[in-house]
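Biologist: Before we talk about labels, please put the model up. I will ask what each label rests on.

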Amino acid sequence: MAQQVRGVIARAKGEPVRIETITVPDPGPGEAVVKVQACGVCHTDLHYREGGINDDFPFLLGHEAAGVVESVGEGVTEVAPGDFVILNWRAVCGQCRACLRGRPQYCFDTHNAKQRMTLADGTELSPALGIGAFAEKTLVAAGQCTKVDPEASPAAAGLLGCGVMAGIGAAINTGNVGRGDSVAVIGCGGVGNAAVVGARLAGAATIIAVDIDDKKLQTAKGLGATHTVNSRATDPVEAVRELTGGNGADVVIEAVGRPETYEQAFYARDLAGTVVLVGVPTPEMRIELPLLDVFGRGGALKSSWYGDCLPSRDFPMLIDLYRQGRLDLDAFVTETIALEDVEKAFERMHHGDVLRSVVMF
Ligand code: APR
Ligand code: ZN
Ligand code: ZN
């Protein structure tokens with residue numbers, strides 16, 4: 001039987017979100033209904049509300065979540081009722097060209113639930129990133145559920161579903177950071193600080209955190225940065241060079257998404273070093289670089305999307321590290337809040353006060 005639950009809805013561009021009653025249908029073939037336990041507040045949720053992603057209002061926001069599978073539809077073998085899962089926004093198809101060529105991270109045919117959740121008047125909802133987890137329950141494709149150790153805290157586990165995975169994955173998957181490497185991370189919000197953690201996990205010897213906010217640099221230090229640079233006070237390119245024997249870093253991770261930081265990332269890398277771009281630019285942003293510099297420095301320019309993660313491979317592995325005390329996911333949970341407080345959390349995010357606010361159910 002379809003169920004009525006409370007969810008955080010963005011009705012129209014720029015309007016504050018509000019809580020409404022939504023209807024969650026029973027799971028159909030290949031679908032699951034998940035009882036959400038925790039869901040982090042991410043910039044992408046705010047971008048949806050501001051109309052920056054698409055115009056398919058109304059949105060059911062929330063996508064960094066963990067919870068327990070309540071029921072599954074016909075033919076579902078991936079998960080069963082009672083499983084503790086992290087939700088992911090890329091359930092891969094296994095059959096497209098990208099999947100067949102061993103690059104499921106770039107699957108062309110990722111899928112979400114086929115049925116739609118609705119508002120009381122029957123209006124169909126667009127769930128943020130195909131998840132919609134600022135709700136007591138949500139309907140997803142079974143492939144969007146990744147089963148992990150149920151002993152993990154839901155608040156911490158949910159963060160792996162988006163921002164923290166994006167940062168850790170930028171270091172360990174895209175940047176392929178190796179033992180002894182030097183790594184610079186430009187922008188140490190939730191994503192950049194997760195990249196610091198990823199670099200540390202991968203065995204980097206030098207981890208240079210760059211930000212314009214001393215609070216963020218302090219956090220980075222606590223998470224494993226060996227050096228910090230406030231780029232308001234010091235030229236970050238020169239600072240990174242100086243801290244790496246005049247060379248530049250083996251891997252530079254950009255986690256801001258602005259032209260000036262893209263450019264800094266480009267010049268802060270060592271000869272044959274790798275630049276990993278995680279920060280999402282807006283369509284009008286441009287940089288201009290001398291081609292001779294692109295050519296002359298060698299190495300690689302890579303962008304990292306969702307940390308190039310494979311949820312089924314990376315989520316359980318990172319949760320195991322967390323359970324062993326080798327990965328501090330709790331450090332990313334600045335505050336836990338109620339469903340009613342999402343709008344306030346957007347404001348705090350704007351002021352840069354938090355790494356993550358997490359809604360608890
Ligand atoms: N130089 C260095 N750091 C900067 C600069 C700058 N010019 N401008 C902003 N920052 C810092 C901020 O102080 C903040 O600590 O970048 C950080 C951005 O962090 P958040 O706002 O918390 O954003 P986050 O969630 O980490 O996402 C960062 O990655 O996935 C993308 O869409 C996401 O583009 C966004 C980026
Ligand atoms: Zn595919
Ligand atoms: Zn997100």
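Biologist: What makes V191 a polar contact of ligand 1?

Modeller: This is a predicted model, in which local features need pLDDT of at least 70, side-chain atom pairs count only at pLDDT 80 or more, and totals for chains, interfaces and linings use all residues. Residues are numbered from 1 along each chain as its sequence is written, chains are lettered from A and ligands numbered from 1 in the order in which they are written, and side-chain values use heavy atoms, with hydrogens and water left out. A polar contact is a pair of N or O atoms within 3.5 Å; within protein, one must be able to donate a hydrogen and the other to accept it, and residues adjacent in sequence count only if both atoms are side-chain atoms. A polar backbone atom of V191 is 2.9 Å from an oxygen atom of ligand 1, so the pair meets the cut-off. A polar side-chain atom of K216 lies 3.4 Å from an oxygen atom of the ligand.

Biologist: How do you know which protein atoms are donors of the zinc ion (ligand 2)?

Modeller: Donors are N, O and S atoms within 2.8 Å of the metal (3.2 Å for Na, K and Ca); water is not among the atoms, so sites may look incomplete. The SG atoms of C93, C96, C99 and C107 lie 2.3 to 2.4 Å from this zinc ion.

Biologist: Why is the site of the zinc ion (ligand 2) called tetrahedral?

Modeller: Four donors count as tetrahedral if all angles lie between 85 and 135 degrees. The angles among the four donor atoms here are 106 to 117°, so the label applies. Ideal angles for four tetrahedral donors are 109.5 degrees.

Biologist: Why is C107 called buried?

Modeller: Buried means under 20% relative accessible area, with a 1.4 Å probe and protein chains only. C107 has 6%, so it falls under that limit. C96, at 12%, counts as buried too.

Biologist: Which protein atoms are the donors of the zinc ion (ligand 3)?

Modeller: They are C42 (SG), H63 (NE2) and C162 (SG), at 2.1 to 2.2 Å. In sequence these residues are spaced C-x20-H-x98-C. H63 is buried at 0% relative accessible area, and C42 is buried at 5%.

Biologist: What makes β1 and β2 a pair?

Modeller: Strands are DSSP runs of E, at least two residues, numbered from the N terminus. Two strands pair if DSSP finds at least two bridges between them. β1 (residues 3-10) and β2 (residues 18-24) have seven, in the antiparallel sense, so they qualify. V8 has I19 in β2 as its bridge partner.

Definitions and conventions:
Tetrahedral: all angles 85-135°; square planar, octahedral: opposite > 155°, others 65-115°. Buried < 20%, exposed > 50% of the residue type's maximum accessible area, 1.4 Å probe, protein only. Helix = DSSP H or I, 4+ residues; strand = E, 2+ residues; numbered from the N terminus.
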